[in-house]
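Subject: Structure for your review

Dear colleague,

Please find below the structure I am handing over to you. My findings follow directly after it.

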Amino acid sequence: MPRPIAATIHIESMKHNLARARACAPGAKVWGVLKANGYGHGLERAMRGFAAADGLALIEPDNALRLRELGWTKPILLLEGGFDAADVAMMAEHGINGAVHCEEQLALIEAARLPANARPLNLHLKMNTGMNRLGFKPEQFAAAHARLRALPHVGEITLMTHFANADETAHPRLPIREQIRRFNAGAAGLPGPVSLANSAGILHMQELGGELASDWVRPGIMLYGGSPGGKSAEEFGLLPTMTLASELISVQEIGAGDCVGYGSRFQADGPMRIGVVACGYADGYPRHAPQDTPVLVDGVRTRLVGRVSMDMLTVDLSNVPQARVGSKVVLWGVGMPIDEVATAAGTIGYELMCAVAPRVRVQEG
Ligand SMILES: *Cc1c(COP(=O)(O)O)cnc(C)c1O
């Protein structure tokens with residue numbers, strides 16, 4: 001039999017979360033973001049989960065093409081645009097939209113020699129409003145826009161930016177309102193739809209009133225039931241879409257002074273039972289998760305003890321007397337919020353979802 005570990009993907013919960021995103025951004029069209037293989041959920045599953053989205057957005061050109069092959073006929077957006085001339089040709093051939101975020105990429109679009117009957121390229125011109133990763137500076141934006149507009153093979157141009165601190169609206173260094181102000185200044189007078197908010201922006205939209213409203217929104221993590229910060233996923237009305245679960249494959253009875261695992265990091269004060277779970281860092285569980293990271297065993301919340309190893313981790317069974325070999329263990333998902341595990345391990349839910357390893361069986365349920 002296969003190892004007992006599996007990731008169960010909850011397609012119905014993906015649909016629920018998409019509906020939440022729509023409800024938070026009334027009137028906006030929604031890009032379902034499914035980069036990184038649908039945040040680790042699988043591209044095809046994410047496509048089904050977000051079938052009701054107005055478009056799908058991602059980073060990987062090969063997966064954009066794959067979505068067309070899988071039968072997705074609505075818009076597709078490459079959030080970083082094309083990486084070379086072949087990508088630009090592919091985008092034109094398959095009607096895939098792309099970001100244009102720097103001078104070199106703009107030159108690539110200008111140099112594109114597309115067949116006369118090719119579909120016009122619909123592009124997202126990106127403004128750098130303080131994130132300082134991708135985008136034209138506000139004062140360069142109108143000139144870049146004019147160059148794109150002059151090209152016969154360019155269709156619609158959407159105006160786009162990305163927020164650094166949408167989860168903390170009063171950020172001392174770069175408040176979201178300052179980014180919105182820079183965007184509005186750089187985009188003043190330019191025609192075209194506007195695309196602003198990711199999950200954090202969408203979930204804080206009400207706080208910010210109309211300032212964040214735009215024609216398109218780009219939710220990612222909230223569609224997968226993760227919180228971008230501020231409140232818990234449950235408080236935001238989101239449902240988990242991935243449950244990583246396994247089983248106990250051994251139970252050890254240990255006494256005072258006995259240690260567990262590599263480095264003997266955990267030492268028992270007195271008699272206790274330790275459960276050994278078939279899940280390790282080679283499954284994508286974070287090796288740096290410290291003692292006391294929450295784990296659900298047989299429906300009861302308990303804690304990680306000792307170091308996470310490649311194929312196993314160990315848990316305290318003191319408050320789960322009924323646990324035995326074969327008992328179900330939930331590492332994250334339904335019953336154990338992924339954000340709590342991530343916080344304990346010093347990371348974010350995004351990283352945990354994306355890191356589920358290829359050897360973990362994936363099923364739906
Ligand atoms: C990943 C990404 C998103 C989605 O972000 P979340 O925080 O997951 O909602 C939105 N826009 C861009 C440009 C992205 O790269």
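His10 is buried, with a relative accessible area of 13% (buried means under 20% relative accessible area, exposed over 50%, and partly exposed in between, with a 1.4 Å probe and protein chains only). This residue sits in the loop between strand E1 (6-9) and helix H1; helices (H or I, at least four residues) and strands (E, at least two) are DSSP runs, numbered from the N terminus. Leaving aside neighbours within four places in sequence, His10 is in contact (heavy atoms within 4.5 Å) with Pro240, Thr241, Met242, Thr243, Val334 and Gly365. His10 and Met242 are 232 residues apart along the chain, yet their C-alpha atoms are separated by 6.2 Å.

Please note that this is a predicted model, in which local features need pLDDT of at least 70 and side-chain atom pairs count only at pLDDT 80 or more, while totals for chains, interfaces and linings use all residues. Residues are numbered from 1 along each chain as its sequence is written, and side-chain values use heavy atoms, with hydrogens and water left out.

Ser13 belongs to helix H1 (residues 11-24) and is likewise buried, at 13% relative accessibility. Not counting residues up to four places away in sequence, Ser13 touches Leu239, Pro240 and Thr241.

An unreviewed UniProt entry annotates residues 241-365 as "domain: Alanine racemase C-terminal"; UniProt positions are given in the numbering used here, feature names are shortened, and annotations may be inferred rather than shown by experiment. Over residues 241-365 the chain is 10% helix and 37% strand, with the end C-alpha atoms 10 Å apart.

The unreviewed entry also carries the annotation "active site" for Lys35 and Tyr262. They span 228 residues in sequence, and the farthest two C-alpha atoms are 35.6 Å apart, so they do not all gather at one spot. Lys35 is in helix H2 (residues 35-39) and is partly exposed, with a relative accessible area of 29%. Beyond residues up to four places away in sequence, Lys35 touches Ala57, Leu58, Ile59, Glu60 and Leu79. Tyr262 lies in the loop between strand E11 (259-260) and strand E12 (266-267) and counts as exposed, at 62% relative accessibility. Its contacts, apart from neighbours within four places in sequence, are Arg307 and Ser309.

Helix H4 (residues 61-69) has Pro61, Asn63, Ala64, Leu67 and Arg68 as its buried residues. Seen down the axis of H4, these fall within an arc of 165° (taken from the directions from the helix axis to the C-beta atoms), so they line one face of the helix. They pack against H2, helix H3 (43-49), strand E3 (55-58), strand E4 (76-78) and helix H5 (85-94). Asp62 and Glu69 are exposed on the other side of H4. After H4 comes Gly71, whose phi is positive, near 100°.

A cavity is a set of points, on a 1 Å grid over the protein atoms alone, where a 1.4 Å probe fits but cannot get out; lining residues have an atom within 4 Å of a point. There is one cavity of 30 Å³ or more. The largest cavity has a volume of about 40 Å³, a volume being the space filled by probe spheres set on the points, which are joined across faces, edges and corners. Its lining consists of Lys126, Met127, Asn128, Met131, Arg133, Leu134, Thr161 and His162.

Yours sincerely

Terms used. On a 1 Å grid over the protein atoms alone, a cavity is a set of points where a 1.4 Å probe fits but cannot get out, and a pocket is an open set with protein on both sides within 12 Å along at least five of seven lines; lining residues have an atom within 4 Å of a point.
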